[in-house]
Amino acid sequence: MSPFILYGEPGWGSALTEVQLAWYGLDVEFRATGHLFNDLAARAGLAEINPLAQIPTLLLPDGTVMTESAAITLWLADHTGSADLVPGPADPERAAFLRWLIFIVANVYPTYTYADDPSRFVTVESARTPFREAVDAYAQRLYGIMEQAAVGPWFLGERLSAIDVYLGVLTLWRPGASWFARHTPTLTAIAAAIRAHPRVAGVFARNDGAEEDAL
Ligand SMILES: N[C@@H](CCC(=O)N[C@@H](CS)C(=O)NCC(=O)O)C(=O)O
């Protein structure tokens, strides 16, 4: 029996956690939820564990339910005692790490929450497309800010971190690979490097191409 159970879908946000579990060599059972927007039964099933019906949802070895990818990121670093992906309190990159981790989950990730299925938030049908376009444009502005902040060769500089894992996954999504390549070359290079990293390349291969750009 695997000590961790990860609810997810290939290419979705669960990949953030799946990559980190693989990085640390932690054994996990992956349970596919089904398409959370198209399949009501999939939503209802996951909602029994996570009332928001979002992925990643992770069951810890003691049965505790963990949600929120950033919280899981910090918890896994504590659990493993490793500073590989999360700079420790005395690390000079700690402040930048925390800033950009929270920037991603507080600013970038919600643009997908609101624009993936605008009908959940916009009752007037004719307003949904312009709403989605506005939210997607805001996301592009956020990625532009991250592009300016990226140091290279990894986001924080010489040191790889979980921010790079996020970039490897987020750049699989809207606005799509060609937009990222044209407008955010540094983020694109970081994403390519983490996806090719021998420690996690297999997990990225399982998740790459699975998520429709169109979501
Ligand atoms: N704040 C959450 C966001 C998770 C999230 O939005 N995941 C998406 C998949 S990429 C999801 O489950 N969407 C379904 C929904 O919003 O109903 C986190 O950081 O883990």
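User: Which residue in S4 does Leu58 stand opposite?

Analyst: This is a predicted model, where local features need pLDDT of at least 70, side-chain atom pairs count only at pLDDT 80 or more, and totals for chains, interfaces and linings use all residues. Residues are numbered from 1 along each chain as its sequence is written, and side-chain values use heavy atoms, with hydrogens and water left out. Strand S3 (residues 57-59) pairs with S4 in the antiparallel sense over three bridges (strands are DSSP runs of E with at least two residues, helices runs of H or I with at least four, both numbered from the N terminus; two strands pair if DSSP finds at least two bridges between them). Within S4, the residue opposite Leu58 is Met66.

User: And over in S2, what stands opposite Tyr7?

Analyst: Here we're looking at strand S1 (residues 4-8) and strand S2 (residues 28-32), which pair in the parallel sense over five bridges. Tyr7's opposite number in S2 is Arg31.

User: What is the handedness of the β-α-β unit made by S1, H1 and S2?

Analyst: Picture the strands pointing away from you: a crossover is right-handed if the path from the first strand over the helix to the second runs clockwise. H1 itself lies across S1, S2 and S3, running at about 150° to S1. The unit of S1, H1 and S2 is right-handed.

User: Which are the edge strands of the open sheet?

Analyst: The sheet has four strands in the order S2-S1-S3-S4, with mixed pairing. An edge strand here pairs on one side only, and that gives us S2 and strand S4 (65-67).

User: How much does the twist average from one strand to the next?

Analyst: Take that open four-stranded sheet, S2-S1-S3-S4. Going from one strand to the next, the twist averages 25°.

User: Are H1 and H3 roughly parallel or roughly antiparallel?

Analyst: Helix H1 (residues 14-24) and helix H3 (residues 69-80) pack at about 10°, with their axes 10 Å apart (axes are lines fitted to C-alpha atoms, for helices over the stretch in contact, and angles run from 0 to 180 degrees between N-to-C directions). Angles under 35 degrees count as roughly parallel, over 145 as roughly antiparallel, 65 to 115 as roughly perpendicular and the rest as oblique. That angle therefore makes H1 and H3 roughly parallel.

User: How many charged residues are in the contact of H1 with H3?

Analyst: H1 brings Leu16, Thr17, Gln20, Leu21 and Tyr24, while H3 brings Ser69, Ile72, Thr73, Leu76, Ala77 and Thr80 (contact means heavy atoms within 4.5 Å). Asp, Glu, Lys and Arg count as charged, Ala, Val, Leu, Ile, Met, Phe, Trp, Tyr, Cys and Pro as nonpolar, and the others, Gly among them, as polar. The contact has six nonpolar and five polar residues, and the charged count is no residues.

User: How are H3 and H4 oriented, roughly parallel or roughly antiparallel?

Analyst: These two pack at about 155°, with axes 10 Å apart. The pair is therefore roughly antiparallel.

User: Which residues of H4 make the contact with H3?

Analyst: On the H3 side, Ser69, Ala70, Thr73 and Leu74 take part. The H4 side supplies Phe97, Leu98, Leu101, Val105 and Tyr109.

User: Where is the cis peptide bond with omega near 5°?

Analyst: Look in the loop between H6 and H7, where Pro175 sits. The bond runs from Arg174 to Pro175.
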